[in-house]
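Subject: Structure handover

Hello,

Here is the structure for you to look over. My notes follow below it.

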Amino acid sequence: MIRVVLPQHLRTLAGVGGEVTVEVPGEVTQRSVLDALEARYPMLRGTIRDHVTKVRRPFVRFFACEQDLSHESPDAPLPREVSSGQEPLLVIGAIAGG
Amino acid sequence: MSRVRVLAGTRKGAFILEADGKREKWKVSGPHFPGWEIYHVKGSPVDPDRLYASQTSSWFGQVIQRSDDGGKTWHQPGTPRGESTKTPDGMPKGESNKFAYDSSAETGKPLTTHQWYDGSQKPWEFKRVWHLEPSLSDPDTVYAGVEDAALFRSTDGGQNWAELAGLRGHGTGPQWQPGAGGLCLHTIIQDPVASERMFVAISSAGAFRTDDGGKTWKPINRGLTSQYIPDPNAEVGHCVHRIAQHRARPKVLFMQKHWDVLRSDDAGDSWREVSGDLPSDFGFVIDVHAHEPETIYVVPIKSDSEHFPPDGKLRVYRSRTGGNEWEALTKGLPQSDCYVNVLRDAMAIDSLDECGVYFGTTGGQVYASADAGDTWSPIVRDLPPVLSVEVQTLA
């Protein structure tokens, strides 16, 4: 199981608290994790990445294992600690504006 | 006894303000969706318990929220009528709300760019829903005016949205450009008599009308003069801020433009200025009295760039002659050191016998008048900046 930590506003939308877990078939990448997350929580479609282009929304970042993975290819494998469930993928709302 | 329900959208959530017909004592609920920008909340005219809200965020995009109980509870659309909006384990069942521009061959002219501030062409990019207009006849049908400017419609209670692409596709799209607030479609008026007729307004493109249910559109900007565009009398490019109509006189339209207050007596085919003796003919809101089709309201604002009331006095101006002659309404409104703005969707009119008028400010006040504007008092003083105000008159 892949662990994902959502920002507070998205937890409210999805009706979840703290960390969620998703089953990801095949290789564990940003894209496959987000596909699984959106399938489990359809109300999150469009909130993390664009509905149509699937590009990450500008003020959303992806952190894991103390690294900023936001600019990595969405098809690059996530760190082994994430794919093994040892560490979560953090979805972060950037600190900006009011 | 009749009641009123005021729906206020703010920069940090939605608030619902309720009172009986006297409109003296108010009950405030909210914030709903705290921390999110609520551009607009509006109720269905045929089912007043059905509300739609545009919840938006620069971080997390667009969400449509719906209430089926007058704002007590909300959910993202996606649940068939009559079913629980949550799964047995308590999770919301709603789905997100996709606003994808139509690029199908049926539009005839798939339109991919509009004009940017520097004159270059920029691809259309969805940003948010500015205005939600529920259908006059079906609570599950609702229109959405969006940024970048386009018109969408849902016929399943807000779950799925399809663009009425004839508006962007009619030919002038590449000449539309954003105003300071963005390229937004902010006004949607359904004609109460001609069921296939609808009016929309876009900053900065102008006003448009369809007479065939949204398939084809034409610009209706003849008579508008805007010195801030190269051809002041151009067919499109005008920064229309708001249009209002009285249901009993649907061919008469009133417009607050970036500068100038105008009226049309022929469903927008031609316009004439009626700014008259206003202290400033710049402003955002305009509305019409519920029972007097020639009584209209504006809030003059100083511009360019200041965007606060002239002389620090917050004054609603009323014309009982359909324009040109205006009176200042000041009782109960701050008459010194007031520097708030009143944004384009932030005025509303109830339909009680003694017509009520409401408006919200960027300073967080929502003012109400229960006597057609003669006197005012704040319902609330300290909300986040108010983006929109609507009112429902309830039996």
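First, a term: two strands pair if DSSP finds at least two bridges between them. Strands themselves are DSSP runs (E, at least two residues), numbered from the N terminus.

This is a predicted model, in which local features need pLDDT of at least 70, side-chain atom pairs count only at pLDDT 80 or more, and totals for chains, interfaces and linings use all residues. Residues are numbered from 1 along each chain as its sequence is written, while chains are lettered from A and ligands numbered from 1 in the order in which they are written.

Confidence
The model scores ipTM 0.89 and pTM 0.94.

Strand 14 of chain B
Strand 14 covers residues 198-203, and six of the six are buried, so the rest of the structure largely encloses it. Buried means that 20 or more other C-beta atoms lie within 10 Å of the residue's own; exposed means 12 or fewer, and partly exposed is in between, with C-beta atoms placed from the backbone. B:Met198, B:Val200 and B:Ile202 point one way. B:Phe199, B:Ala201 and B:Ser203 point the other way.

Strand 14 has these partners. Six bridges join it to strand 13 (residues 184-190), antiparallel. There, B:Thr187 stands opposite B:Ala201. Five bridges join strand 14 to strand 15 (residues 206-210), also antiparallel. B:Met198 has B:Thr210 as its bridge partner in strand 15. A hairpin of two residues links strand 14 to strand 15.

The four-stranded sheet
Chain B has an open sheet of four strands in the order 3-2-1-29, with antiparallel pairing. Its edge strands are strand 3 (27-32) and strand 29 (386-394), and each pairs on one side only. From one strand to the next, the twist averages 15 degrees; axes are lines fitted to C-alpha atoms, and angles run from 0 to 180 degrees between N-to-C directions. Eight bridges join strand 1 (residues 3-10) to strand 29. B:Arg3 stands opposite B:Leu394 in strand 29.

B:Tyr117
Where is B:Tyr117 found? It sits in the loop between strand 7 (113-115) and strand 8 (121-123) of chain B. B:Tyr117 is exposed, because it has 10 other C-beta atoms within 10 Å. Not counting residues up to four places away in sequence, B:Tyr117 touches B:Gln177 and B:Pro178. Contact here means C-beta atoms, placed from the backbone, within 7 Å. B:Tyr117 and B:Phe152 are 35 residues apart in sequence and 25 Å apart in space, C-alpha to C-alpha.

Best regards

Methods:
Two residues are in contact if their C-beta atoms, placed from the backbone, lie within 7 Å.
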